[in-house]
Amino acid sequence: MGLIYLLTGNQMIMQVLFYFGLYAYFSFFMPSRINKIYHVSGLSYFLNHIITILIPFFAYFTTGWTPSIRGLIVSLGIFAVYWFVALMVNQSTGGNYFYMKYRPVPALDKVNFKTYTVGNFIFTVGLFLIGYSIFNFFV
């Protein structure tokens, strides 16, 4: 998405990239089965998440872009579709994308799937609102 934004300058793509990219901050703190940083896969993971974090700042400093409420709403809609597709793909492949199979914190293993699902979406709404607020307040 960052590359598409850089090529097209499409502001809505940057909105979605910003809001989805807020999860990149957590990628450094949550358990992961990614290889060590000195492995090409681990290095790729690390660099991709760093770039995802930095692109909105690049957009701000070069074009004055800022996250918007409309972008937040569109991003939440896209997130709902994305989450559902990830759920279907995980169920058909046995995958764990978005920590749906193996929860990121052991205490969450005791939470039933419906509650985890609702909590996941509420967390995402909160994360998007906090990201919007912090970016617009501090930058």
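User: What radius of gyration does the protein have, and what would a compact globule with 139 residues have?
Analyst: The radius is taken over C-alpha atoms, and the globule rule is 2.2 Å times the number of residues to the power 0.38. This is a predicted model, in which local features need pLDDT of at least 70 and side-chain atom pairs count only at pLDDT 80 or more, while totals for chains, interfaces and linings use all residues. Residues are numbered from 1 along each chain as its sequence is written, and side-chain values use heavy atoms, with hydrogens and water left out. For 139 residues the rule puts a compact globule near 14 Å, which agrees with the protein's 16 Å.

User: How far apart in sequence are the parts that the pair of Trp-65 and Phe-135 ties together?
Analyst: Rings of Phe, Tyr and Trp (its six-membered ring) pair if their centres lie within 6.5 Å, with planes under 30 degrees apart counting as stacked, over 60 as edge-to-face and the rest as tilted. Trp-65 and Phe-135 form an edge-to-face pair, 5.6 Å centre to centre with 65° between the planes, and both residues are buried. Because Trp-65 lies in the loop between helix 3 and helix 4 and Phe-135 in helix 5, the pair ties together parts whose separation in sequence is 70 residues.

User: Is Asn-120 buried or exposed?
Analyst: Asn-120 lies in helix 5. Leaving aside neighbours within four places in sequence, Asn-120 is in contact (heavy atoms within 4.5 Å) with Tyr-23, Phe-79, Trp-83 and Phe-98. Its relative accessibility is 8%, so Asn-120 counts as buried.

User: Which ring does the charged end of Arg-103 sit over?
Analyst: A charge sits over a ring if NZ of Lys or CZ of Arg is within 6 Å of the ring centre and within 35 degrees of the ring normal. The charged end of Arg-103 sits 3.8 Å from the centre of the ring in question, which belongs to Tyr-116.

Terms used:
Helices (H or I, at least four residues) and strands (E, at least two) are DSSP runs, numbered from the N terminus. Buried means under 20% relative accessible area, exposed over 50%, partly exposed in between (1.4 Å probe, protein chains only).
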